[in-house]
Amino acid sequence: MWGIFYATWNFSLPCIAIGEDCLLFSFTKSYQVFSHSDLHGHRLLDVGSGPSIYQILSASEAFDDIYLSDFTEVNRNELHLWLEDSPEAFNWSPIIQYVCDLEGNGDTCESKSERLRRKVKSVLSCDVNQDPPVCGIDPPFDCILTTFCLEVACLDIEMYHQAVGRLAGLLKAGGHLVMLDTLEETFYHVGNKRFCSLALSESTVQEALIKAGLSITVYEKCCRSEFGDAHSNFTSILLIVAQKNPLKQQ
C-alpha cells in the first residue's frame, strides 16, 4: 500500500494493490484473528497502512492504542482526513458497517468510527528498509500488523528478511506479528498503472520469520482460484500470526 490512486469499485473502495475479493478475505480473516483468539493488548502498530483503515477495524477492538504508519506523505494525509472527520475524507462508512455486521455484536458504523478515532494515537512515517522502520514512537508493541506491504516495499529476498527482522525488533517478548502476504506475485495494477512486486515463496516467508525469532501460531494459505480479481499475478495469499520468542526481546 505504498501508492495512492483511486478508482470506482462495487464497494467504492480506494484503489490499492488488491481487488475486492482479496479485501473481503482480509476483512474476514482479520475478524477471525482478532475476535476469536487471545490476541489482544495495549499497543498495536499497523505498518504500511496506505490511505486505508479497513485492515484495523477488527484489530482495533482488541487493542487500546493504535498507531498507523506509511511511507508516503500523501497516504498519511489521507488518513488524517478520516481521523479528523473531514468532509474531504474517503467515505469508509459502508465498509465499517460491513465489518460491524460481520462481527455481529450490534455495533453501528457511527460508534465504531468514533471509537477507532479515539484509539488512533498517531500517524507515523515508516520505511521498512530503514532501521528503525518507524519514526516518532518508542517500542515495544504488543502487536504489529502488516497487510500486503512487505512484498511491495522490498526489492529482494535479503531486504525482505531484514524487514521482517526489523518489525520483530519492535515487538515485546511474547508479542505477535500478523501478516497478510501474497505469494509469487511479480506485478500488480492500481488503476491503469503497473507496479513491480517481490515474488515470495512459502519457504522464504517461513525462513524470514524463524530468522527473526518468531514462532508461527497461525498459518493459512488461500489459493488464487478463490479470488476473481485480475489486478495482479499472485498465486496465493498467506495469513500468518507469529509470536516473538522471549529470548529475542531487544
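# Briefing on a predicted single-chain model

The chain contains 7 helices and 9 strands. The model described here is predicted. Of the 250 residues in the chain, 56% are buried.

**Overall fold and surface**

- Among contacts between residues at least 6 apart in sequence, 70% join residues at least 24 apart.
- The accessible surface of the chain is about 10,500 Å².
- Carbon and sulfur atoms account for 50% of that accessible surface.

**Nonpolar cores**

- In soluble globular proteins, nonpolar side chains tend to be buried together.
- The largest nonpolar core in this model has 42 residues, and F34, I53 and V178 are the ones that touch the most other members.
- Helix 1 is the element that gives the most to this core, contributing 6 residues.
- Another core lies apart from the largest one and has 34 residues, including V134, L183, L200 and A242.
- When neighbours within four places in sequence are left aside, F34 is in contact with L39, L44, S58, A59, A62, F63, C143 and V178.

- Rolling a probe the size of a water molecule over the atoms shows where empty space is left.
- The structure holds 1 cavity of 30 Å³ or more, and the volume of the largest cavity is about 80 Å³.
- The lining of the largest cavity is formed by S26, K29, S30, F34, Q55, L145, T146, T147, V178, M179, L180 and L239.
- Helix 1, strand 4 (141–147) and strand 5 (171–183) are the elements that give two or more residues to this lining.
- Helix 1 gives the most to the lining of the largest cavity, with 4 residues.
- By class, the lining has 6 nonpolar, 5 polar and 1 charged residues.

**The loop residue D38**

- D38 is placed in the loop between helix 1 (20–35) and strand 1 (41–47).
- D38 counts as exposed because its relative accessibility is 63%, and the cut-off for exposed is over 50%.
- D38 and A62 are 24 residues apart in sequence, and their C-alpha atoms are 9.0 Å apart in space.

How values were computed:
Residues are numbered from 1 along each chain as its sequence is written. Side-chain values use heavy atoms; hydrogens and water are left out. Buried means under 20% relative accessible area, exposed over 50%, partly exposed in between (1.4 Å probe, protein chains only). Contact means heavy atoms within 4.5 Å. Accessible areas come from the Shrake-Rupley method with a 1.4 Å probe; for residues, only the protein chains shown count as cover. A nonpolar core is a set of buried Ala, Val, Leu, Ile, Met, Phe, Trp, Tyr and Cys residues joined through side-chain atoms within 4.5 Å. On a 1 Å grid over the protein atoms alone, a cavity is a set of points where a 1.4 Å probe fits but cannot get out, and a pocket is an open set with protein on both sides within 12 Å along at least five of seven lines; lining residues have an atom within 4 Å of a point. Grid points are joined across faces, edges and corners, and a volume is the space filled by probe spheres set on the points. Ala, Val, Leu, Ile, Met, Phe, Trp, Tyr, Cys and Pro count as nonpolar, Asp, Glu, Lys and Arg as charged, and the others, Gly among them, as polar.
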